[in-house]
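Dear colleague,

I am passing on the structure we spoke of, and below it you will find my notes on what turned up when I went through it. Please read them with the structure open beside you.

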Amino acid sequence: MRIATGIFACTMAAATLQMSVPTLGAAYHMPKPPAAPTTFLVPPDQIVVIKAGQMYDAAAGKLLSNQVIIIHGDRIADVGANLPIPAGARVIDLSKSTVMPGMIDAHVHTYRDGENPGQHALNGLAAAQRDLDAGFTSLRDMDSGGGFGTVDLRDLIDYGLVSGPRMQVVGQSLNNRNMAYVTDPESSRYYTGRTEGKDINGPWLARAAVREAKQHGVDSIKIYSTEDYEGPEHLWRADGSFQVFPSLTVDEAEAIVDEAHRVGLKVGCHSYLGTANDPCLIAGVDSPQHLMQLDAAGIKMLKDKHLIYTPTIDDLIHLDQEDLAATNGRNSRAKMLEAAFRLAHTNGIPIAFGSGSTGTAIPFGKAGDQFAWMVKWGMTPAEALSTSYIVAPRDMNNHFERQVGTIEKGKYADIIAVKGNPLEDVTEMERVKFVMKGGRVVRDNASAAATQAYQMEHPQQ
């Protein structure tokens with residue numbers, strides 16, 4: 001039912017996508033939210049109580065017993081041991097589960113599947129909903145195929161017109177798009193249209209593009225600072241070593257960061273470097289991503305500039321077999337990422353959870369497997385969980401950590417539950433049984449009521 005409702009609303013979003021990116025001279029209009037609460041928002045007077053057998057304190061990295069979570073509307077009103085239950089409250093009994101905050105993924109690409117705006121919109125909605133069902137109640141979309149349709153998707157979810165996770169979005173990334181040579185007979189194209197149709201060539205054009213993205217309603221800016229030509233003839237040398245080149249100049253990267261910060265936006269950067277000549281690190285972007293060649297000089301810049309590192313493990317694990325084939329088994333981006341991850345973790349660099357999910361290639365709803373990789377690569381389970389609960393929301397814009405990431409008074413009632421103890425077996429995060437977002441139950445396969453209902457429907461099992 002969620003998907004069906006979402007398809008209708010997101011088809012509307014696809015239809016309005018062209019209107020959200022007007023031509024030169026057209027009037028800009030701020031979107032208006034619905035006048036009244038809608039289907040996927042809870043009424044402010046709703047009172048729900050969750051009885052938690054074990055509750056994960058994400059700030060302390062430990063489990064608390066016999067906790068009661070009182071929820072008014074979409075916010076947590078109180079939490080503590082053995083609190084009295086308010087009269088008239090709906091009680092959800094999760095006394096046999098481990099109750100946790102909703103997970104946060106700070107690097108996804110919801111609109112990658114599809115051939116046109118309508119398909120992008122429908123696939124994007126379905127992708128976001130798969131992540132919500134898996135317990136990811138907040139996402140940051142880091143460029144989904146051009147345009148600003150993700151802004152529309154974010155707003156439809158926020159207005160309660162469709163079900164989906166909380167989203168922060170970058171819209172269209174800004175970069176010097178020379179990832180591979182192209183044939184372009186329309187040489188005059190560079191001189192027409194707005195900066196969405198242009199490469200970032202020079203600091204002033206870079207600043208103009210940031211302002212335009214801000215005007216389209218994005219939460220953050222995304223840039224690419226390396227030319228990583230796809231294919232063995234460019235990405236990998238004959239000896240199996242890795243080669244990429246800086247694409248943006250330092251002046252261009254610094255102009256983007258300065259302009260974005262001036263207008264209240266953070267900047268994330270795709271970079272396969274992580275070295276002393278990395279334009280992203282030199283410019284001090286807020287959220288450098290990937291950094292497979294991270295070295296001591298890169299670590300120093302990350303520390304000196306207080307930057308947060310997002311490795312995107314699922315993204316590069318997905319490319320492992322392709323890379324090993326291209327290098328005759330000698331090297332891969334995943335192998336390099338493991339070394340970078342271990343170096344960053346050993347040196348105390350804050351690491352944010354970001355999967356790089358794209359859809360068909362890197363499926364949504366599966367990113368919980370990253371916690372196990374992090375533990376394999378040197379983190380404790382509590383450290384791995386903190387990448388999603390503590391660091392990821394801090395990496396996002398508008399002080400997002402004040403709204404999500406822990407179960408505490410005043411924050412959104414974004415709550416999940418698993419059956420076992422993730423501090424003993426972190427793969428429990430791949431088997432979420434209960435999902436609530438903003439006080440609304442999205443999925444319940446864990447509560448006592450759900451278990452009783454299942455037993456009544458399946459008396460022979």
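**What was found**

Of the 461 residues of the protein chain, which is here a predicted model, 53% count as buried. The secondary structure of the chain comes to 13 helices and 16 strands. When contacts between residues at least 6 apart in sequence are considered, 70% of them join residues at least 24 apart. As for the surface, the protein chain exposes about 19800 Å², and 54% of that area is supplied by carbon and sulfur atoms.

A search of the whole structure finds one disulfide, and it joins Cys269 to Cys280, with an S to S distance of 1.5 Å. Cys269 lies in strand β12 (residues 266–271), whereas Cys280 belongs to helix α6 (residues 279–283), so the pair ties together parts that are eleven residues apart in sequence. The torsion about the S-S bond of Cys269 and Cys280 is about 65°, and the disulfide is therefore right-handed.

Are the two cysteines buried or exposed? Cys269 has a relative accessibility of 0% and so counts as buried, the cut-off for that term being under 20% relative accessible area. Cys280 is likewise buried, because its relative accessible area is also 0%.

Methods. Residues numbered from 1 in each chain as written. Predicted model: local features only at pLDDT ≥ 70, side-chain atom pairs only at ≥ 80, totals over all residues. Heavy atoms only, no water. Helix = DSSP H or I, 4+ residues; strand = E, 2+ residues; numbered from the N terminus. Buried < 20%, exposed > 50% of the residue type's maximum accessible area, 1.4 Å probe, protein only. Contact = heavy atoms within 4.5 Å. Areas by Shrake-Rupley, 256 points an atom, 1.4 Å probe, with all protein chains shown as cover. Disulfide = S-S within 2.5 Å.
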